[in-house]
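Colleague: I'm new to reading protein models, and I'd like to go through one with you. Could we take it feature by feature?

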Amino acid sequence: MSLLYDLYQPGDSWLHRLDPRVKFIFVLCASLLLLLMRSLWVMLIALVGAQLILLSGGISWRRIGWVWRMTLPTMVLIAVLWVIFYPGEGQALLSWRFLRITPYNIAEGLAVALRIGALAFILFIWLFSTSQSALIRGLVALGLPYTWGLTLAMALRYLPTMAGIFQLISDAQRARALELDQGNPLRRARAHLPIVVAMLITALRTAQNLSLALASRAFGAQRKRTHLHPLHFRPLDGLLLAGILLATAALLWARLALGLGQEPL
Amino acid sequence: MAVIRIEDFFYAYPPLLPEGQPIEVLHGVNLSVERGEFLAIMGPTGVGKTTLCLSMNGLVPQATGGVARGHVVVLGHDTRTTPVAELATRVGIVYQDPESQLFCPTVEEEVAFGPENLGLDPAEIAERVSWALQVVGMEAYRQRSPSHLSGGQKQRLAIAASLAMLPKVLILDEPTAGLDPVGQAEVFGVIERLCRERRMTIVMVSQDAERIARFADRLAIMWQGRIVRVDAPPRIFTDQAFLEEVGLAAPQVSELAVALNRRWGTGYRFTLLEEAEEALRRDLRGGQISS
Amino acid sequence: MNIQPCIRTEGLIYRYEPGYPALNGIDLEIPEHAYLGIIGQNGSGKTTLVKHFNGLLKPTAGEVWVYGRATSSRPVSELARTVGYVFQNPDHQIFGATTREEISFGPRNLGLSEAEVEERTEEALAAFDLEAYAELPPAVLGFGLRRKVSVAAVYAMRPPILILDEPTSGLDWRSARELMALVDRLHAQGHTIILISHDMRLIAQHTQQTLVLQEGRVLLYGSTREVFQQHEVLQQAQITPPQINQLASRLADCGLPQDVLTVAEFCQAYNRLKEARE
């Protein structure tokens, strides 16, 4: 689906205007805290909070629904498996052979499942509200080498193109009576060989042309690169960043020193 | 004054296999391009047209390796020794395949890419982006993804991305091959504007005889690694023996002129539809009036 | 005259995604042994239409019949025996270690005997004058040769219907002329040829019927001679007829016929006018 290639939802909300570096640091801090905690309540708060942030940032229901569709099956699966395979402590609600279901392990399973959802939504706060180039510029500003950033950007740019070419090449070979879905898995894998080889040749040609195109637009000029839209670190960004760092430090202390959110319930 | 001067330029690509022979492509090219002229290059596939284009912005031999002899001098700079990134501010180039020369997520970033590499001030970059997009008529597409544009729009964008470097010379290597008629007309519209309104020096490889006849000042014919003839398009397009030898097509009206000359001993040399119409109408009507 | 249609479509609609259809109700009969040109701007549905002829796409609504059998339930690999399809970019099909291997790929997929595969491969190499390159990897050949290999590889499958998508794009005039001479020969041998191209000169010179598509619908369909007389209708699809045809139409007041397709035809008509006068 096309959403996969183009996560960014253009907009001008407070979330969009936020410096991409601040959003990235928020993702890192929030993920760290979620991974350290196991409390069902913390996960619920994080999940609801992430939804509120997305909605206040003008992210469409369609995109939010898309994340739910992607994560919900995994979340349900994990919750069920957890309850089955990690026998709980305390009073059992149900006990049969190795199965031992307690309020504790239900809460634990739910917390682990909700954590997956919360992590996904927090990541998508960043991805949905940040254009591809701002995203990469943010990473470069935080220390990623520019050539890596450019490579990443081009990989994202050519993903749909290459998917399209893959489709074209499979069509061309199928038109020559190549059968892709007959026989055992080994035979099927072998049937894909003509497609993979043609794909590689095409990718090599594209890469070669691309390197010429880059060079003919002064890529690698021995000067410091500038940007059409430089990142602006506004006072609000500073304020938020300070808030994020302080809150993270406080919660980290509370978790490590006071055991906040250590238990599922 | 010659903007581009190519003297006895030989070039061979490095061998494909380590023990192989270098692949000779250019066998002594001589060519000069004057300031403000529109020079078209025609030639069969595989005679070295793309290689010649790449030699004018230094990618041949600087990026491709291989062996080069002779000189390619652009605005006083030898392209074998001047860094490609520096030449890029003097020579813009547009390639045949639109897909592999547009690599940015949005149209405006595509145009900004070159100026950004030069480390220009953001205000200056913004100004160049707006100007270049306006020249090719693509301002309305700023935030679009280049991969969602039509073929003609992609090539116009590639032209804008070159123009943003404020080059003195624009080289176009078959920019309309593979475009549909609407796309071809769009791209030629932009090129015509660049040469009429801005007197930009343009070198264009193309197989489109009818449009070359209409727009180009001179036509160079490339054949087996050399420029074998440079002349006004009408002189070349009505020299059927020569075209047959190098395997190229003339506009249909020029073919007609040759056929009519053979039958009626006339001296027609038209290359444009309007010229042919006027001459033949005079001929057919004139006969009637006098009789 | 009773010529069986080899391809027939009825109410053919195709959507890539929900929304505006890429093909919007195509009713078409292509007679056996036709030499059909398909023209129209990019996005008009040319490629989408022909992909229905060999089953790569199945109709969203309506039906397509090839030799009287509906394509909707037939796999591409089976239709490939009847309908050959040469894609626009030869690099999208070339993968073989040698040209010979590349050409034998299709016949081998058809499940023919080794002797038959070899016979067809050698015949295709000879027909396309590719013997000298038989042992070379096709990917390193020049573009003109790669194009020839891609056509030969489909030709070797001996399909009665042959679709060529922009076969001359990227070729110079002489290579294009040589390739089209081969295609003309295949037509003379009894193949049905379907040619997609943006080159109106090529269409006018070679095809007998022309189909003009616009926004997924049939704008014009008839003999090439009739189609290129419809200047106003063609203009709707932003198609400019070949220069020689335009010249004849501009000189209509001098008595030139309006159905001129080639320089030779123009000359004949012009000479007749002049001779009548003298």
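Colleague: Let's start with A132(B): is this residue buried or exposed?

Modeller: The general idea is to count neighbours: a residue is buried if 20 or more other C-beta atoms lie within 10 Å of its own, exposed if 12 or fewer, and partly exposed in between, with C-beta atoms placed from the backbone. A132(B) has 25 other C-beta atoms within 10 Å, so it is buried. Keep in mind that this is a predicted model, where local features need pLDDT of at least 70, side-chain atom pairs count only at pLDDT 80 or more, and totals for chains, interfaces and linings use all residues. As for names, residues are numbered from 1 along each chain as its sequence is written, while chains are lettered from A and ligands numbered from 1 in the order in which they are written.

Colleague: Which element holds A132(B), and which residues does it touch beyond its neighbours within four places in sequence?

Modeller: Helices (H or I, at least four residues) and strands (E, at least two) are DSSP runs, numbered from the N terminus. A132(B) sits in helix α5 of chain B, residues 122–135. Two residues are in contact if their C-beta atoms, placed from the backbone, lie within 7 Å. Setting aside neighbours within four places in sequence, A132(B) contacts V111(B), A160(B), L163(B) and A164(B). Its C-alpha atom is also 8.4 Å from that of I159(B), 27 residues apart along the chain.

Colleague: How do I read chain B as a whole?

Modeller: Begin with its parts: chain B has 12 helices and 10 strands.

Colleague: What are the domains of chain B?

Modeller: Domain bounds come from an automatic or database domain assignment. Here they give domain 1 (1–90 + 167–234), domain 2 (106–164) and domain 3 (251–291). The centres of domains 2 and 3 of chain B, over C-alpha atoms, are 45 Å apart.

Colleague: Over in chain A, how do α2 and α5 pack?

Modeller: Look at axes, which are lines fitted to C-alpha atoms, for helices over the stretch in contact; angles run from 0 to 180 degrees between N-to-C directions. Helix α2(A), residues 20–36, meets helix α5(A), residues 103–129, at about 175°, with axes 9 Å apart. Angles under 35 degrees count as roughly parallel, over 145 as roughly antiparallel, 65 to 115 as roughly perpendicular and the rest as oblique. The two helices α2(A) and α5(A) are therefore roughly antiparallel. Residues in this contact include F24(A) and V27(A) of α2(A), and L119(A) and W126(A) of α5(A).

Colleague: And why is α6(A) called largely enclosed?

Modeller: Eight of the 10 residues of α6(A), residues 132–141, are buried, so the rest of the structure largely encloses this helix. The cover over its buried residues includes α2 and α7 (146–174) of chain A, plus α4 (107–117) of chain B.

Colleague: How many residues does each chain give where A touches B?

Modeller: Chain A gives 28 residues and chain B gives 34. On the chain A side, α9(A) contributes the most, with six residues.
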